[in-house]
Amino acid sequence: MIMSRALFPFIAAGFLFLTSGSGVNAAERPLLYFGKGEALLGVGGEFSVALYVDSPLSLNAFDIEIQYPPALLELKRVNNARSVIDVWPQMPALLPGGKIKIEGGSFKPFDGAGGEIIELTFTALSAGEGQLSFPKVNLYRADGKGTLVA
């Protein structure tokens, strides 16, 4: 059987966003990460991965792009049932080149650990190893000004 390995390595099980000029020190920056580290499956197999946020700051708006290898993976479903985002101008959109655009806000600002943003389900199209990444991340504070944090 041909196997496809979708690998999602992340430093310290997450990705720390660097900001410049935001007035937020490193200890106050949000952490965005995927809940699973690795999936090993055959071609045609499906797997799901959830995107989470940890933040000591109250956040209420999100504008995120996720990059995936379109030659290896196909996005099949998105599930926002447990999302900290409750206002979706549009459901997550597929962009050219294997990108998923997620944007929305929340009436109740989120701060804390393990806030699920979205769950993505992919199908393996071919054998190989791939990564998910964040080419764009804009997270905004619930401070009445919409201050960009990351």
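The protein chain of this predicted model has zero helices and ten strands. Helices (H or I, at least four residues) and strands (E, at least two) are DSSP runs, numbered from the N terminus. Along the sequence, the pattern reads β-β-β-β-β-β-β-β-β-β. Residues are numbered from 1 along each chain as its sequence is written. As the model is predicted, local features need pLDDT of at least 70 and side-chain atom pairs count only at pLDDT 80 or more, while totals for chains, interfaces and linings use all residues; side-chain values use heavy atoms, with hydrogens and water left out.

**Confidence**

The pLDDT, the predictor's confidence in each residue from 0 to 100, averages 82 over the protein chain, and 80% of the residues score at least 70. Over residues 1-26, however, the pLDDT is below 50, although this stretch has 72 contacts in the model beyond near neighbours in sequence. A contact means heavy atoms within 4.5 Å. Where pLDDT is low, the predicted coordinates should not be read in detail.

**Burial and contacts**

Of the 150 residues of the protein chain, 46% count as buried. Buried means under 20% relative accessible area, exposed over 50%, and partly exposed in between (1.4 Å probe, protein chains only). Among contacts between residues at least 6 apart in sequence, 74% join residues at least 24 apart.

**Salt bridges**

The whole structure holds eight salt bridges, each being a side-chain nitrogen of Lys or Arg within 4 Å of a carboxyl oxygen of Asp or Glu.

| Pair | Distance |
|---|---|
| Arg77 and Glu46 | 2.9 Å |
| Lys99 and Glu65 | 3.9 Å |
| Arg82 and Glu119 | 3.6 Å |

The salt bridge of Arg77 and Glu46 links distant parts of the chain, with Arg77 in strand S6 (residues 73-79) and Glu46 in strand S5 (residues 46-67), 31 residues apart. Arg77 is partly exposed at 44% relative accessible area, and Glu46 is partly exposed at 41%.

Lys99 and Glu65 also form a salt bridge; Lys99 belongs to strand S8 (residues 99-124) and Glu65 to strand S5, 34 residues apart. Here Lys99 is partly exposed, at 25%, whereas Glu65 is buried, at 12%.

In the salt bridge of Arg82 with Glu119, Arg82 lies in the loop between S6 and strand S7 (93-95) and Glu119 in strand S8, so the pair ties together parts that are 37 residues apart in sequence. Arg82 is partly exposed, at 49% relative accessibility.

Finally, a network of salt bridges links Asp63, Lys101, Glu103 and Lys136.
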